[in-house]
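Please examine the sequence and the structure before reading the points below.

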Protein chains: 2
Amino acid sequence: MRIPILKLHNYLLISIQTELDDKTAIQFQEDLLNKIHETWATGVVIDLTSVEIVDSYIAKILGDVVSMSDLMGAKVVLTGIQPAVAMTLIDLGIHLKDVPTALDLEQGLIKLRQELEE
Amino acid sequence: MRIPILKLHNYLLISIQTELDDKTAIQFQEDLLNKIHETWATGVVIDLTSVEIVDSYIAKILGDVVSMSDLMGAKVVLTGIQPAVAMTLIDLGIHLKDVPTALDLEQGLIKLRQELEE
């Protein structure tokens, strides 16, 4: 099953509520980029609240998704990053330095609006 | 994989982007009711844009989800009902008479706000 991508105004909302396996993650990357292209979305919120753990491959894909979306003109906000996920990302050198983060979906949307207004 | 349920303010948003099999549909019903209970959501938007077809069992579950959510105090708006899905629902006598519907997620949220303000 693919991860659903919801379109709300100019934004795309994704809530990942499953542990990501390699195939699902790659499919998600492809689906998200296609959806940005189709909808001309200017912002994306990816909520990771329910992702307890990621391995190095998934962490790399997440980092890539952010950079790729950025290249396509859509700003990504990550929300609900769990402790173990944060540790894996930093351990792997995926610092996501310019990526805004927030606690949950609501805060993420507020942040996205702020970022895009700047 | 379960269907993700997104919480945004007092509302729950669901976009079903897969053909529903029996197991997924039952799991979704249970997950949604639990989430309404947990979050005290007052409204639910279920977007069916990507559901091309439903069988009688799935149609019944959809009708049930609406009634059950209503009993729990959450108003449901259905969006993006496709022609074949509309036909199946009516053929089966599931008229969803008091259920507001809308074209897409954005319109669904607007409708939900109107319904809840009344």
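In this predicted model, helix H1 (residues 22–39) and helix H2 (residues 56–71) of chain B pack at an angle of about 5°, with their axes 10 Å apart. H1(B) is therefore roughly parallel to H2(B), a term for angles under 35 degrees. Local features need pLDDT of at least 70, side-chain atom pairs count only at pLDDT 80 or more, and totals for chains, interfaces and linings use all residues. Residues are numbered from 1 along each chain as its sequence is written, chains are lettered from A in the order in which they are written, and side-chain values use heavy atoms, without hydrogens and water.

**Helix packing in chain B**
- From H1(B), the residues in contact (heavy atoms within 4.5 Å) include B:Ile26, B:Leu33 and B:Ile36.
- From H2(B), they include B:Ile58, B:Val65 and B:Met68.
- By class, this contact has 10 nonpolar, 2 polar and 2 charged residues.

**Interface of chains A and B**
- Chain A and chain B each give 17 residues to the contact.
- The two chains bury about 1,600 Å² between them, 70% of it on carbon and sulfur atoms; buried area is the accessible area (1.4 Å probe) lost on being put together, summed over both parts.
- In chain A, the residues that lose the most area to chain B are A:Met1, A:Leu6 and A:Glu106, together 38% of what that side buries.

**Salt bridges**
- The rule finds 2 salt bridges across the interface, each a side-chain nitrogen of Lys or Arg within 4 Å of a carboxyl oxygen of Asp or Glu.
- A:Glu106 forms a salt bridge with B:Lys7, the closest N and O atoms being 3.5 Å apart.

Conventions:
Axes fitted to C-alpha atoms, helices over the stretch in contact; angles between N-to-C directions. Helix = DSSP H or I, 4+ residues; strand = E, 2+ residues; numbered from the N terminus. Parallel < 35°, antiparallel > 145°, perpendicular 65-115°, else oblique. Nonpolar A, V, L, I, M, F, W, Y, C, P; charged D, E, K, R; others polar.
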